[in-house]
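Here is a short tour of one protein chain, going from the whole fold down to a single residue. Take a look at the model first, and then we can walk through it together.

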Amino acid sequence: MEAFPKRSNRSTSATLDAVRTDKDVLLGDEKREPGRFRLSISKDIGVARKTSKSAVGFIDSVVGQITSFYGTVLEDLTPWTPPAPRITRQQPDVDPEPTHTPEDGWTA
């Protein structure tokens, strides 16, 4: 797994097990927020054209890797959606209590 900081072509890489253990391992020394990721997987591929009893064929091994990668990495991903906007309620302007004097005809 590779993480590229925003506006940078330099990446920090780690294995998926290392990222699961420490999520900050991909931030690098500068602790910059990632802007994009690259996931890759490598496995041995078959060398024969057809699958036989003793070896998996090239096509079957590639199709198996694609299916495995999709099932373990991509299948459960959901698109990012921004949070709903928050309503900001403005406090009404409250007039201070009027002060009355006895000259106004006000009695308490």
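Two residues are in contact if they have heavy atoms within 4.5 Å. In the protein chain, 41% of the contacts with a separation of 6 or more come from residues 24 or more positions apart.

A word on ground rules: this is a predicted model, where local features need pLDDT of at least 70, side-chain atom pairs count only at pLDDT 80 or more, and totals for chains, interfaces and linings use all residues. Residues are numbered from 1 along each chain as its sequence is written, and side-chain values use heavy atoms, with hydrogens and water left out.

The elements run β-β-α-β-α from the N terminus; helices (H or I, at least four residues) and strands (E, at least two) are DSSP runs, numbered from the N terminus. The strands form an open antiparallel sheet ordered β2-β1-β3, where two strands pair if DSSP finds at least two bridges between them. Since β2 (12–13) and β3 (34–38) are at the edges with a single partner strand each, one side of each has no neighbour in the sheet.

Strand β1 (residues 2–5) pairs with β2 over two bridges, and E2 lies in β1.

| Partner of E2 | Relation and value |
|---|---|
| S13 | bridge partner in β2 |
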